[in-house]
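Me: Please go through the fold and surface of the protein shown below. Keep it brief.

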Amino acid sequence: MIELADLIRELRQELCSALTDTAPGPVRFELGPVEVEATVLVGRRDGAGGKVRFWVVEAGADGQTERSATHRISLTLQPRLLAPDGTRRDVLIAGEEVDGER
């Protein structure tokens, strides 16, 4: 399992990679809202500095995870490209198709 924050961080890195990719040809795609749905386990550490953590459940979870209480969450992220001068710009992405991609 990974933390929800790590999932979003990895997604951001993938989007940045697609943004900087200079694929051949003139066609690029404007990036719209990104919808993410995940099944998560919610955990909390006891003590004064305890935090609530959200762990993303893997598709092939083991029996221990299946017996745990899970929650399904959906996030809609609206990526924004902020130029160095502070203005917002359209986000255009490109890239090659990856095996298993839909």
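**Fold and surface**

Reply: The protein chain has two helices and eight strands. Helices (H or I, at least four residues) and strands (E, at least two) are DSSP runs, numbered from the N terminus. This is a predicted model, in which local features need pLDDT of at least 70 and side-chain atom pairs pLDDT 80 or more, while totals for chains, interfaces and linings use all residues. Residues are numbered from 1 along each chain as its sequence is written, and side-chain values use heavy atoms, without hydrogens and water.

Me: What pattern does the protein chain follow along the sequence?

Reply: The order is read along the sequence of the protein chain. The pattern is β-α-β-β-β-α-β-β-β-β.

Me: Which residue in β4 is the bridge partner of valine 42?

Reply: β3 and β4 pair in the antiparallel sense over five bridges. In β4, the partner of valine 42 is phenylalanine 54.

Me: Does valine 52 count as buried, partly exposed or exposed?

Reply: Valine 52 lies in strand β4 (residues 52-56). Buried means under 20% relative accessible area, exposed over 50%, and partly exposed in between (1.4 Å probe, protein chains only). Because its relative accessibility is 47%, valine 52 counts as partly exposed.

Technical notes
Two strands pair if DSSP finds at least two bridges between them.
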